[in-house]
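Subject: Structure handover

Hello,

Here is the structure for you to look through. My notes on what was found in it follow below.

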Amino acid sequence: MPQAPARITALDTHDIRFPTSRELDGSDAMNPDPDYSAAYAVLRTDAEDGPRGHGFTFTIGRGNEVQVAALHALRPHVVGRTVDEVCADPGALSRDLVGDSQLRWLGPEKGVMHMAIGAVVNAVWDLAARRAGKPLWRLLAEADPDWLVGQIDFRYLSDALTPGEALDLLRRGREGAADRTARLIGHGYPAYTTSPGWLGYDDAKLTRLAAEAVAAGFRQIKLKVGADLDDDVRRCRVAREVVGPDVRIAVDANQRWDIDEAIRWTRALAPFDPYWIEEPTSPDDVLGHAAIRRAVAPVRVATGEHVQNRIVFKQLLQTGAVDIVQIDAARVGGVNENLAILLLAAKFGVPVCPHAGGVGLCELVQHLAMFDYVAVTGTTEDRVIEYVDHLHEHFTDPVTIRAGRYTAPTAPGFSAALRPESIARYTFPGGTFWAADPGTAEGHTA
Ligand SMILES: [Mg+2]
């Protein structure tokens with residue numbers, strides 16, 4: 001008797017929170033006390049000994065339960081589907097999730113619901129890559145270009161990027177891909193570190209961590225700015241003295257400013273040669289970014305970690321509003337939408353320097369940047385993946401950094417799985433850490 005095809009039997013969800021606010025790790029001008037968190041999803045199947053698919057959305061504490069509720073709402077679309085069907089065509093599932101005629105009202109294609117879709121879609125890609133026995137970057141880089149184009153939703157994009165243009169980019173990207181795969185495995189992908197620059201760190205800690213970053217091989221660091229101009233001038237001076245003239249310093253305002261203020265503040269920091277100003281203002285203000293970019297050149301303008309979908313990225317590129325596109329693996333609707341954004345950036349010739357850090361964002365986004373190098377743009381010139389050195393120990397396949405570069409993952413999947421003991425400890429509010437924490441009983445997250 002032929003066996004029944006394996007099906008997805010469950011979409012398990014977990015509210016995971018880490019008490020990062022206690023050390024001011026992750027503190028910036030808009031987010032002074034984040035508890036880095038994940039709304040985490042696991043796709044279980046009835047395939048005997050078959051892998052599971054893992055995905056998540058990153059949040060910074062309160063509201064993670066809302067994100068988990070959004071994952072729940074997607075369950076009927078996923079449970080019962082055959083594993084073969086979803087892995088052969090994650091794009092079809094993605095379109096069904098985005099197109100849900102009632103859930104769509106909560107976006108469309110933005111915010112909590114869209115991020116939940118991203119988590120589920122990414123879990124499917126994790127499952128597909130595990131079944132294929134390949135790390136996701138390699139699965140994407142070796143995929144048929146026609147199939148990859150079929151994974152992209154070109155709705156609202158075709159005035160900037162057509163399926164034919166995307167296919168041309170991907171076909172051209174395949175030339176020399178084998179050599180680049182070898183180079184990637186041998187040398188990794190350049191990283192920069194944000195660890196020295198959190199706003200809550202004093203000058204001594206900034207000095208020590210910046211010196212350590214340079215000694216560890218990083219060629220770029222990043223400083224949070226935007227709370228107090230005098231402090232920022234002093235911190236930029238300290239950092240520049242420590243790293244010298246040749247290491248790049250990016251600065252990140254986390255959406256703190258109005259347009260005029262962004263221009264004034266960035267110009268005030270210009271003597272310390274910042275490489276880019278990141279998120280100077282609202283991530284929705286396309287024309288504002290364009291105005292800032294015109295005014296602060298040669299300082300580059302970067303944004304993307306809070307850009308909600310491919311359509312806003314399209315406008316940022318069409319209006320010449322950014323020098324650097326910062327994709328985030330867990331903000332938009334998953335791998336499929338990020339394929340669209342990578343190809344848009346490639347068409348406009350704008351480098352992609354992914355946003356990472358948080359919980360597991362480094363683990364995820366390295367795959368997308370490495371795919372871009374091997375099989376789209378073919379270059380790492382002026383491209384770096386953000387790196388922050390905390391919370392990696394909670395993942396079964398944590399990122400590896402050597403001499404300031406990400407090592408190419410070799411384990412099958414999307415590097416998205418949390419360790420079971422971390423889930424047991426940091427599930428909110430019932431995990432062993434939170435249950436033992438006096439603040440939890442009083443209803444505080446930290
Ligand atoms: Mg940022």
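**One face of helix H1**

In helix H1 (residues 64-73), Asn64, Gln67, Val68, Ala70 and Leu71 are buried. They span an arc of only 155° around the axis, so they sit on the same side of H1. The arc is taken from the directions that lead from the helix axis to the C-beta atoms. Buried means that 20 or more other C-beta atoms lie within 10 Å of the residue's own; with 12 or fewer a residue is exposed, in between it is partly exposed, and C-beta atoms are placed from the backbone. The buried residues of H1 pack against strand S1 (8-17), S2, S3 and H5. A contact requires C-beta atoms, placed from the backbone, within 7 Å. Helices (H or I, at least four residues) and strands (E, at least two) are DSSP runs, numbered from the N terminus.

This is a predicted model, in which local features need pLDDT of at least 70, side-chain atom pairs count only at pLDDT 80 or more, and totals for chains, interfaces and linings use all residues. Residues are numbered from 1 along each chain as its sequence is written.

**Domains**

The chain is divided into domain 1 (8-143 + 421-441) and domain 2 (173-418), with bounds from an automatic or database domain assignment. Their centres, taken over C-alpha atoms, are 23 Å apart. In the contact between them, domain 1 has 47 residues and domain 2 has 48 residues. Elements that each supply at least two residues on the domain 1 side include strand S2 (37-45), strand S3 (53-59) and helix H5 (111-132). H5 gives the largest share of that side, 13 residues. By type, the side of domain 1 that touches domain 2 has 25 nonpolar, 15 polar and 7 charged residues. Here Ala, Val, Leu, Ile, Met, Phe, Trp, Tyr, Cys and Pro count as nonpolar, Asp, Glu, Lys and Arg as charged, and the others, Gly among them, as polar.

In strand S5 (residues 220-224), 5 of the 5 residues are buried, so S5 is largely enclosed by the rest of the structure. Gln220, Lys222 and Lys224 point one way, Ile221 and Leu223 the other way. In a regular strand the side chains alternate between the two faces of the sheet.

S5 pairs in the parallel sense with strand S4 (residues 189-197) over 2 bridges; pairing needs at least two DSSP bridges between the strands. Thr193 has Ile221 of S5 as its bridge partner. From S4 the chain passes through helix H10 (residues 203-215) to S5 in a right-handed β-α-β crossover. Right-handed means that, with the strands pointing away from the viewer, the path from the first strand over the helix to the second runs clockwise. S5 is also joined in parallel to strand S6 (residues 248-252), by 5 bridges, and there Ile221 has Ile249 as its bridge partner. Helix H11 (residues 229-243) carries the chain from S5 to S6, again as a right-handed crossover.

**Val352**

Val352 lies in the loop between helix H15 (335-348) and helix H16 (361-375). Val352 is buried, with 26 other C-beta atoms within 10 Å. Leaving out residues up to four places away in sequence, Val352 touches Val325, Ile327, Leu342, Ala345, Ala369, Asp372 and Arg383.

Regards

Definitions and conventions. Two residues are in contact if their C-beta atoms, placed from the backbone, lie within 7 Å.
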